[in-house]
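Please find below a note on the structure, arranged as numbered points.

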Amino acid sequence: MSVESGTRIKVAVQKSGRLTENSLDLLGRCGLKYSRGKDQLVCFGENMPLDVLLVRDDDIPSLVQEDVCELGVVGLNVVEEKRLGFLAAGIAPLFEQVMTLDFGRCRMSIAVPEEFSYQGRSSLAGKRIATTYPNILERWLAEEQIAAEVVTLSGAVEIAPRLGRAELICDLVSTGSTLAANHLREVETVLESQAVLIRTPVPVAAEKVSWMNKLLKRMDGVQQVRESKYIMLHAPRSALAEIAALLPGSEHPTIMPLEGTDEKVAVHAVCRENVFWETLESLKAAGASAILVLPVEKMLA
Ligand code: ATP
Ligand code: ZN
């Protein structure tokens, strides 16, 4: 490895799949401009000392574990499966979850064939359950004190019952359409998952620290901004307390005088939760007028 590459932060991102677009978009929102290498395996940061390694999602925790990459964006399901695997093998996992990201939502669920008569968790006892996530499933079964057999497959879990390899399956679901297409019915949720940012617990080289901190702050800002809104309204002084209490997730609104009136003031606030029509209607009912809701583009706490 050249001296130059040793001073650059490496971020592992899924090469091609459900997380790819959102992961690269997150880095873009943090201000990263990049060019994609000819081999399509690396994106070279042009305005930050940072490169993005494009890999299979299953390899991301290991790349952070081995300190090849300082950061990785990957599904919680993959992180948990790897972490439990390492722990079972007596290896200390060297990746920490820094923050949850608002994409890649899915759940790991147990599903049964349509004709299976499911009477609750006791129906799982003694059954074979096919999955690509044996560690997570084993942990859940142990927690629920269910004695079932875990059949580990490397893919195509949903056809396992038809092939007679297992009676049930445990797989990732988001809409449930794949299950339905395979005549399977979801009965239990084993894990709720979404994309997460992981990092190495190993202290990063001195020359990378400042960019690393800057990037983590920006990522945090991007996450906060997604749901945040800036609200502006006019409020009668007499209703200020009631109106401030209605503003979702806002801490200290700015109150400003309005020219030509003492009865009303302008209220500006950042709301860290989504603002729904119902909230606006309640604000209006409390006496607010001239209500404006604006998206927030960037935020630095
Ligand atoms: P790779 O080639 O990188 O190994 P993959 O086939 O394992 O790809 P994808 O299907 O792209 O991975 O899923 C990547 C991640 O997206 C999953 O690990 C999970 O965290 C998340 N995800 C969100 N919704 C779903 C879903 N409906 N099915 C599977 N994964 C989902
Ligand atoms: Zn994968």
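1. Rings of Phe, Tyr and Trp (its six-membered ring) pair if their centres lie within 6.5 Å; planes under 30 degrees apart count as stacked, over 60 as edge-to-face and the rest as tilted. One aromatic pair is counted by this rule. Its members are phenylalanine 86 and phenylalanine 95, in a tilted arrangement with 6.2 Å from centre to centre and 50 degrees between the planes. Both phenylalanine 86 and phenylalanine 95 are buried (under 20% relative accessible area; exposed is over 50% and partly exposed in between, with a 1.4 Å probe and protein chains only).

2. The model is predicted: local features need pLDDT of at least 70, side-chain atom pairs count only at pLDDT 80 or more, and totals for chains, interfaces and linings use all residues. Residues are numbered from 1 along each chain as its sequence is written, chains are lettered from A and ligands numbered from 1 in the order in which they are written, and side-chain values use heavy atoms, leaving out hydrogens and water.

3. The zinc ion (ligand 2) has Asp57 (OD) and Asp58 (OD) as its protein donors, 2.1 Å away. Donors are N, O and S atoms within 2.8 Å of the metal (3.2 Å for Na, K and Ca), and sites may look incomplete because water is not among the atoms. Aspartate 57 is buried, at 18% relative accessible area, whereas aspartate 58 is partly exposed, at 30%.

4. Ligand 1 makes polar contacts (pairs of N or O atoms within 3.5 Å). Its oxygen atoms include one at 2.7 Å from a polar side-chain atom of arginine 56 and one at 2.9 Å from a polar side-chain atom of aspartate 57. For serine 174, a side-chain N or O atom lies 2.6 Å from a nitrogen atom of ligand 1.

Key:
A polar contact is a pair of N or O atoms within 3.5 Å; within protein, one must be able to donate a hydrogen and the other to accept it, and residues adjacent in sequence count only if both atoms are side-chain atoms.
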